[in-house]
Amino acid sequence: MDQNRNTSTEGKHFPAQRFKVYTARQLEQIPQLAQLDEQLRFEMKVVASVLPFRVNEYVIEQLIDWNNIPADPIFQLVFPQREMLDPEAFERVAKALQQELPRAEFDAIVADIRADLNPHPAGQLEHNIPTVNGERINGIQHKYRETVLFFPSSGQVCHSYCTFCFRWAQFVGDKDLKIAARESGDLQAYLREHPEVTDVLVTGGDPMVMKTRNLRAYLEPLLSEEFAHIRTIRIGTKALTFWPQRFVSDADADELLDLFTEIQAAGKHLAIMAHYNHWRELEPAIAREAIRRVRETGAQIRAQGPLLAHINDDAEVWARLWQSQVELGIVPYYMFVERDTGARRYFEVPLVRAWEIYREAMQRVSGIARTARGPSMSSHPGKVEVQGVTEVNGEKVLALRMIQGRDADWVQRPFFARYNPEATWLDHLEPAFGEQRFFFDDE
Ligand SMILES: *Cc1c(COP(=O)(O)O)cnc(C)c1O
Ligand code: SF4
């Protein structure tokens, strides 16, 4: 590990930058791709027809090492790869592209393939959608007692898309302030009726794609006395990686930081839940300046992200990620297991292997950097952490723990599954000791 990295950004000036983004249709216009061979470019086009693709110039120019293609982890993070689709699906789309099928026929093939990729994992569409006066309200999810998730409609895109994400199913275009105000009203109505809620987690997409005045329309009302029960406001974002300019040099960056300051002046805890996958995301000077400026407001930055084959399935990468985070004042929070959706076939790592990587990474850092829980699965019954492989009465088992449960009584319950070195998700596991079901299956 490079021990003498200088994290200071003092005295540096960061001029405003234009946000330039490429989507699937503009793939061919990315100058850096011209150096790659034609076959690879075609494969990207095929996959980008099915999975989300969006990348901005900052990511292309500052985060990707173009001398290390295709292995570069950030390249893998944003650019589509052939094996993300199963071979049959890949061939179908490749043929359709080559034959230049009419739009409707092509779209039907793509829709068919997408439907096979479990676009709404853990029952996202049917479950956890709350009601006010018997009416379902959109944009809110309430699964665990203390925390309400809020998806503002104008925050449902990201500054770039991660290839392993399938939240694109909910990605829609920009919405104006009026809609923000109406949704904000729904959120308030719901929170008024739920004094047990202490945390509001604003998420997306990425809420940081919003202008500050939009974000303010959602958050400012929560600072009033009637929402005294809301103790923590969390904002889930990958903007510290994909567009740190948001916090530094964008026209309303200073206003954003003022809003952060106000939230804390109102006595709330403000937690920026930053999505990170690799220590390289923390290297650019502007990324460090963004972190410094956010922290200067008193907000806490907590880091979370999935463990992924081709990107970070390596203990050394996690150890350096956590250590760098600590040095920059960020608290490692969660290591997630890649969800059972989208390009999982490409990114998934067996649970046993994930735990080994977690454990080895933990062993390489001091207790200060050992704050990340994980590897954790956000599954239908709750968040389940793999605690390790052990033996009980001669039976090899996986020890697991329910960190968050749909039923609050399940929280922190340990349980055991039969050892299975191939399982990549909870539904591949069977209860240990010859039992028929897990405790949460009884419902
Ligand atoms: C992870 C998660 C939360 C927050 O859980 P914490 O352990 O408090 O961070 C809330 N709601 C849902 C649906 C989640 O997946
Ligand atoms: S930043 Fe988050 S929501 Fe956006 S594409 Fe990546 S994983 Fe998905």
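How many residues of domain 1 are in contact with how many residues of domain 3? Eight residues of domain 1 are in contact with six residues of domain 3, contact being defined as C-beta atoms, placed from the backbone, within 7 Å. This is a predicted model, in which local features need pLDDT of at least 70 and side-chain atom pairs count only at pLDDT 80 or more, while totals for chains, interfaces and linings use all residues. Residues are numbered from 1 along each chain as its sequence is written, and chains are lettered from A and ligands numbered from 1 in the order in which they are written.

**Domains**

- The chain is divided into domain 1 (21–115), domain 2 (124–298) and domain 3 (311–323 + 332–443), with bounds that come from an automatic or database domain assignment.
- Between domain 1 and domain 3, the C-alpha centres lie 31 Å apart.
- On the side of domain 1 that touches domain 3, four residues are nonpolar, two polar and two charged. Here Ala, Val, Leu, Ile, Met, Phe, Trp, Tyr, Cys and Pro count as nonpolar, Asp, Glu, Lys and Arg as charged, and the others, Gly among them, as polar.

**Helix packing**

- Helix 4 (residues 87–98) and helix 5 (residues 103–115) pack at an angle of about 170°, with their axes 10 Å apart. Helices (H or I, at least four residues) and strands (E, at least two) are DSSP runs, numbered from the N terminus. Axes are lines fitted to C-alpha atoms, for helices over the stretch in contact, and angles run from 0 to 180 degrees between N-to-C directions.
- Helix 4 and helix 5 are therefore roughly antiparallel, a term for angles over 145 degrees.
- Helix 4 contributes A89, R92, V93 and A96 to the contact, and helix 5 contributes F106, I109, V110 and I113.
- This contact of helix 4 with helix 5 has seven nonpolar residues, one charged and no polar.

**Ligand 1**

- Around ligand 1 stand Q141, K143, Y144, T147, L149, L201, S378, K383, I403 and Q404; a residue counts as near if its C-beta atom, placed from the backbone, lies within 6 Å.
- Two or more of these residues come from each of strand 5 (140–144), strand 6 (147–150) and strand 14 (395–405), and strand 5 gives the most, with three.
- Domain 2 and domain 3 each supply at least three residues to this shell.
- The shell around ligand 1 comprises four nonpolar, four polar and two charged residues.

**Ligand 2**

- The residues surrounding ligand 2 are C158, Y161, C162, C165, R167, G204, G205, D206, K238 and H275.
- By class, four residues of the shell around ligand 2 are nonpolar, three polar and three charged.

Methods. Parallel < 35°, antiparallel > 145°, perpendicular 65-115°, else oblique. Contact = placed C-beta atoms within 7 Å.
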